[in-house]
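This report goes through side-chain packing in one protein model.

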Amino acid sequence: MPQVKPKKALGQHFLTDLSVAARIAATLDAYKGMPVLEVGPGMGVLTRPLIEAGHDVTVVEIDNESVDYLRSHFEPLASGGRIIEGDFLKLDLASVFPGRQFCVIGNYPYNISSQIFFHVLDYKDLVPCCSGMLQREVAERIAAPPGTKARGILSVLLQAWYDIDYLFTVSEHVFNPPPKVKSGVIAMRRNSVTDLGCDETLFKTVVKTTFGQRRKTIRNSVRSLLPAGGQIAESELLTMRPEQLSVGQFIELTNLVNSARRSASINN
């Protein structure tokens with residue numbers, strides 16, 4: 001069967017370096033025995049070392065040409081019903097391995113990589129490990145510590161629930177077709193947090209609002225979250241900018257905003 005033609009509309013850049021694929025697959029070595037969901041396998045360059053390492057692999061692929069290729073070249077997937085043809089972003093991840101935790105891995109399409117990680121976050125209690133390759137700038141953003149320019153919404157929301165490591169950079173020359181940017185490989189491992197200690201919905205809103213106005217100080221950006229006449233308690237956090245705040249400080253800020261809202265509703 002002929003090779004799959006990369007499709008620009010799907011953001012396909014097929015990895016050709018088998019040693020890189022093996023290194024990415026090795027990020028799951030500590031999770032042997034746990035099922036694995038691979039996103040966007042293409043022609044299976046990452047699928048093969050995962051299977052060879054003994055992982056129970058299921059793949060989700062939106063490209064029907066790639067699905068046909070996988071069915072022809074990966075008999076264990078085809079015979080085991082482990083090829084899901086469809087859009088990962090619309091997939092109910094709880095239904096893939098009912099009642100079981102699982103790892104997520106992939107050479108993620110650049111154009112939807114952030115959306116993929118937000119989708120994983122919705123199932124954080126089912127996904128103790130998520131790793132793989134994506135555009136280097138996005139990978140750096142996800143792993144960015146407080147005080148760095150790369151830090152953003154994705155950094156904080158993911159780091160609230162996962163310990164994240166940026167592992168290594170991959171040259172653009174080991175892909176077909178070569179992308180215009182380098183790639184980065186990360187590994188996310190679920191931390192021990194079960195409760196943020198604040199209103200989780202408001203936490204997300206605070207993070208998104210402050211980074212949406214990242215040139216402003218926190219004091220100015222959170223005003224839109226307060227009711228008329230609402231006053232937030234004085235804090236050093238209000239003089240800072242969002243990229244400077246740790247997850248813990250965002251939790252503290254969320255509780256300050258929540259307290260200000262409650263005080264305003266009582267007074268009114």
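The structure, a predicted model, holds three aromatic pairs. Rings of Phe, Tyr and Trp (its six-membered ring) count as a pair if their centres lie within 6.5 Å; planes under 30 degrees apart are stacked, over 60 edge-to-face, and the rest tilted. In one of the pairs, F97 and F102, the ring centres are 5.2 Å apart and the planes meet at 45°, so the pair is tilted. Y108 and F117 form an edge-to-face pair, with 5.3 Å from centre to centre and 70° between the planes.

Buried means under 20% relative accessible area, exposed over 50%, and partly exposed in between (1.4 Å probe, protein chains only).

| Residue | Relative accessible area | Class |
|---|---|---|
| F97 | 8% | buried |
| F102 | 0% | buried |
| Y108 | 3% | buried |
| F117 | 0% | buried |
| C129 | 0% | buried |
| C130 | 0% | buried |

As for sources, residues are numbered from 1 along each chain as its sequence is written. Local features need pLDDT of at least 70, side-chain atom pairs count only at pLDDT 80 or more, totals for chains, interfaces and linings use all residues, and side-chain values use heavy atoms, with hydrogens and water left out.

Charged side chains also meet rings. A charge sits over a ring if NZ of Lys or CZ of Arg is within 6 Å of the ring centre and within 35 degrees of the ring normal. R23 lies over the face of F168, 3.7 Å from the ring centre. K124 has its charged end over the ring of W161, at 4.5 Å from the centre.

Helices (H or I, at least four residues) and strands (E, at least two) are DSSP runs, numbered from the N terminus.

Contact means heavy atoms within 4.5 Å. Beyond its neighbours within four places in sequence, I142 is in contact with residues that include F117, L134, L154 and M188.

In helix α1 (residues 18-25), the buried residues are V20, A21, I24 and A25. They cover an arc of only 140° around the axis, which puts them on the same side of α1. The arc is that of the directions from the helix axis to the C-beta atoms. Among the elements covering these buried residues are β1 (14-15), α2 (47-52) and β5 (103-107).

Helix α3 (residues 64-73) has S66, V67, Y69 and L70 as its buried residues. Seen down the axis, they fall within an arc of 160°, so they line one face of α3. Their cover includes β1, β3 (57-61) and β4 (83-85).

A search of the whole structure finds zero disulfides, a disulfide being a pair of cysteine sulfur atoms within 2.5 Å. For C129, the nearest cysteine sulfur is that of C103, 4.4 Å away. For C130, the nearest cysteine sulfur is that of C129, 7.1 Å away.
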